There are 2 protein chains.
Amino acid sequence: MASRGFQVEQHPFGPAVGRLVEQFAALPGIGRKSAERLANHILSCSTPEAMALATAIHEVKKTIRRCSVCFNLTEQELCVLCRDPRRDRTVVCVVEQPKDVSALEAAAAFQGTYHVLGGRIAPLEGVGPEDLTIGPLVQRVKRDHVKELIMATNPTLEGDGTALFISNLLEEQQVEITRLARGIATGSVLEFANKEMLADAMRGRQHF
Amino acid sequence: MASRGFQVEQHPFGPAVGRLVEQFAALPGIGRKSAERLANHILSCSTPEAMALATAIHEVKKTIRRCSVCFNLTEQELCVLCRDPRRDRTVVCVVEQPKDVSALEAAAAFQGTYHVLGGRIAPLEGVGPEDLTIGPLVQRVKRDHVKELIMATNPTLEGDGTALFISNLLEEQQVEITRLARGIATGSVLEFANKEMLADAMRGRQHF
C-alpha cells in the first residue's frame, strides 16, 4: 500500500479527518500510516467510545497537578502514594520525572515515598538547582525526619551530578544517602554492555 | 523495564491518568506500554496541544457523515471527490469501505469517482445485499450514464462474491464492468506468494 501523505485540506474524507490524522501523527511513536489507521478507528467506532478518549484527555489536562509533598502528578492535594498510610515517609526515593515514579511503581519493589525533582541540574540548558524541587526536599528531610534518601536519578553525567549536589547539601543532616545499584542490566547480554556498565558492575560486585 | 499494568484506580498519578492510559490502550495497535507513553506525552505537553487532539476527535464525530452520492465519508452533503469537477462521474470504482477510498487516493492512479458499499455480502454474518448501498449504486449507474464500473472489493471469497452479485444485477445495463488486476503483489517476492496469487498471476499474464 502506498504511504499516505494527504495535506489536511486534501484528505478524501474532508479536512476534519485530515486534522485528526495530523493530531495522531503528532504523538510520539505514531507515523502517518498509524495515524491514518487510528483516525479510521475513531471514524468507525461509536460516538461514546470515541468521545471517551477525548474526555479522558480533557479530564487529565483539567485536573492534574503536582503533589504538595513529593511533586508527583495527582488530582488532589496529595498524590495516591503520599496519601497511602502504608508507605514509609522516612524512606524517600528521589527521581527526576513523574514517569520514573510509575516505572518504579510498576516494579513494585519499593514501599517508601518519592520525591520528584522535575528534572536534573543541566548548566548547558540553563537548569540550575533552583529550577528543581531541591529546596522542598531539604525541608522535607528535616521536617519528616527522613532516615534514608535513595537517589534514583538517571545514570547519566547530569543525573549523577544532581544526586551528588543533593547529597552534599544534606551532609550535615542525619540522613543516609544511597543510590540504585547499577551494573549489567538484568536480562541483557554481557556482549552488548558498554565500558561504563561493565566498570560499574565490576566495582559493585557482590558475593554469590 | 517492567510492563505497566496498573488498575485504573491504582495508577500512581491518579484515576484520571489511569483512564487516559486505558483509552489509549483501547486503540488498535497500541499496547499498555505505548499507552502509558502516550499518556505521559499528554501530561507533559501544553494544554492547547493536548486539547487539539481531543477537539479533533470531537469535531470528527460531530461533523462526519456519508456522501449522498457515493457514501464516502464527508463533512458536507457531497464528499471532496464528488464535489471535484475534474473527477469523471462516468467511471466509478466500487469499494467496500471508506478506508479503501483513501488507500486508492493515496496511490493517485485514478481520476474517476467512487462508490462505497459499506461492507460485503456475508451470509454467515447476516449481511445481505440490502444492508449495502447496492440499490443506490444501480440507480446511480442508470441516472449518471456510468460507462465503467471498476470492482475494487477485497480479493477474498466474499469480496469477489459481492462483485459478482453486482455485475449480475447490472447485466442488462450499458455499463462495462472491470475489476482490479491481481497477481503477484508489486514489491513482494515470488517465494512468499500463495497458490491463489500465483494462479491469478499466471492466468492474467501480460506481454512484456
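**Entry 1: the two chains**

I began with the pairing of the chains and found that 58 residues of chain A are in contact with 58 residues of chain B, where contact means heavy atoms within 4.5 Å. I was working with a predicted model, in which local features need pLDDT of at least 70 and side-chain atom pairs count only at pLDDT 80 or more, while totals for chains, interfaces and linings use all residues. For the bookkeeping, residues are numbered from 1 along each chain as its sequence is written, chains are lettered from A and ligands numbered from 1 in the order in which they are written, and side-chain values use heavy atoms, with hydrogens and water left out.

I then looked up the area and noted that chain A and chain B bury about 4700 Å² between them, 73% of it on carbon and sulfur atoms; buried area here is the accessible area (1.4 Å probe) that two parts lose on being put together, summed over both. Of the area that chain A buries against chain B, A:Phe13, A:Ile57 and A:Lys61 supply 15%, more than any other three residues.

**Entry 2: a helix pair across the chains**

I next took helix α3 (residues 47-63) of chain A with helix α1 (residues 15-25) of chain B, which pack at an angle of about 150° with their axes 9 Å apart. Helices (H or I, at least four residues) and strands (E, at least two) are DSSP runs, numbered from the N terminus, and the axes are lines fitted to C-alpha atoms, for helices over the stretch in contact, with angles running from 0 to 180 degrees between N-to-C directions. I recorded the crossing of α3(A) and α1(B) as left-handed, a label used if the near helix is turned anticlockwise from the far one by less than a right angle, with right-handed used if clockwise.

On the α3(A) side I listed A:Glu49, A:Ala52, A:Leu53, A:Ala56, A:Ile57, A:Val60 and A:Thr63, which meet B:Ala16, B:Val17, B:Arg19, B:Leu20, B:Gln23 and B:Phe24 in α1(B). The residues of this contact divide into 9 nonpolar, 2 polar and 2 charged, given that Ala, Val, Leu, Ile, Met, Phe, Trp, Tyr, Cys and Pro count as nonpolar, Asp, Glu, Lys and Arg as charged, and the others, Gly among them, as polar.

I also looked up A:Gln23, which is in helix α1 of chain A. Not counting residues up to four places away in sequence, A:Gln23 touches B:Glu49, B:Ala52, B:Leu53 and B:Ala56. A:Gln23 counts as partly exposed because its relative accessibility is 22%, the classes being buried under 20% relative accessible area, exposed over 50% and partly exposed in between (1.4 Å probe, protein chains only). A:Gln23 and A:Ala39 are 16 residues apart in sequence and 9.5 Å apart in space, C-alpha to C-alpha.

**Entry 3: α1 and α2 within each chain**

The crossing of α1(A) and α2(A) is right-handed. Its contact includes A:Val17, A:Leu20 and A:Phe24 of α1(A) and A:Ala35, A:Leu38 and A:Ile42 of α2(A), and by class it has 10 nonpolar, no polar and 3 charged residues.

**Entry 4: α5 and two strand residues of chain A**

I found helix α5 (residues 98-107) of chain A mostly covered, with 7 of its 10 residues buried, including A:Val101, A:Ala103 and A:Ala106. What covers these buried residues includes β3 (88-95) and β4 (112-116) of chain A together with α2 (32-44) of chain B. Just after α5(A), A:Ala108 takes a positive phi of about 50°.

In strand β3 I looked up A:Val91, which counts as buried because its relative accessibility is 16%. Leaving aside neighbours within four places in sequence, A:Val91 is in contact with A:Phe110, A:Gly112, A:Thr113, A:Glu148 and A:Ile150.

In strand β4 I looked up A:His115, which counts as buried at 0% relative accessibility. Among the contacts of A:His115, leaving aside neighbours within four places in sequence, are A:Cys70, A:Phe71, A:Cys93, A:Thr133 and A:Arg140.
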